Amino acid sequence: MFVEMFQLLFTIVSIEAVLILTLGFGTPARRVVVKLLDISKQGRGPLVAKTVAATMLVLFGSVMYSTIQINTRVSESGGVANSTDQVMFANRLLEAFLMGTILFLAMVIDRMHYYTRELQITRRNLEIAVKTKSKTVA
């Protein structure tokens, strides 16, 4: 059960990292990614994204609570943890780290998309202003 979840979480982190790299550099793939993000932010896309993010945030809180419970149980038993608690603690900690990373990278992608769109709009407006100014001067 844990292996499949970790594979999914690592895959999502990898995809988000590729999206961030694509948005960060001016490659031809950036236009495609920006268009796909524009399309995903129309209609019910934002509602679905917020629902998934809220669900992951609740799961993140649950995993953190479980990790704190294991840590409390170990400290109450004199600081000695059995092997089951150690494995559970390590799995929960990795799960919490990956979920937190996914949520953070999703916010980074959202902001990078916003600033990329604003930069495109500003450049377009600047080009229009330069063209109209050159026509009025000539």
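In what follows, the axis of a helix is a line fitted to its C-alpha atoms over the stretch in contact, and an angle between two helices is taken between their N-to-C directions. The structure on display is a predicted model.

**First stop: α2 against α4.** Select helix α2, residues 28-40, and helix α4, residues 83-137. These two helices pack at an angle of about 110 degrees, and their axes lie 11 Å apart. Since angles of 65 to 115 degrees count as roughly perpendicular, α2 is therefore roughly perpendicular to α4. To see the contact itself, show R30, V34, L37 and D38 on α2, together with I109, H113, T116, R117 and Q120 on α4. The residues of this contact divide into three nonpolar, three polar and three charged.

**Second stop: the core.** Next, turn to the largest nonpolar core, which has 17 residues; L9 and L23 touch the most other members. Helices α1, α2, α3 (45-76) and α4 each supply at least two residues of this core, and α4 gives the most, with seven.

Centre the view on L23 and display its contacts beyond four places in sequence: R30, V33, V34, L37, I109, M112, H113 and T116.

**Last stop: T22.** Select T22, which lies in helix α1, residues 2-24. Is T22 buried or exposed? Its relative accessibility is 14%, and because buried means under 20%, T22 counts as buried. Leaving aside residues up to four places away in sequence, T22 touches T27, A29, R30 and V33.

Key: Residues numbered from 1 in each chain as written. Predicted model: local features only at pLDDT ≥ 70, side-chain atom pairs only at ≥ 80, totals over all residues. Heavy atoms only, no water. Helix = DSSP H or I, 4+ residues; strand = E, 2+ residues; numbered from the N terminus. Buried < 20%, exposed > 50% of the residue type's maximum accessible area, 1.4 Å probe, protein only. Contact = heavy atoms within 4.5 Å. Core = buried A, V, L, I, M, F, W, Y, C linked by side-chain atoms within 4.5 Å. Axes fitted to C-alpha atoms, helices over the stretch in contact; angles between N-to-C directions. Parallel < 35°, antiparallel > 145°, perpendicular 65-115°, else oblique. Nonpolar A, V, L, I, M, F, W, Y, C, P; charged D, E, K, R; others polar.
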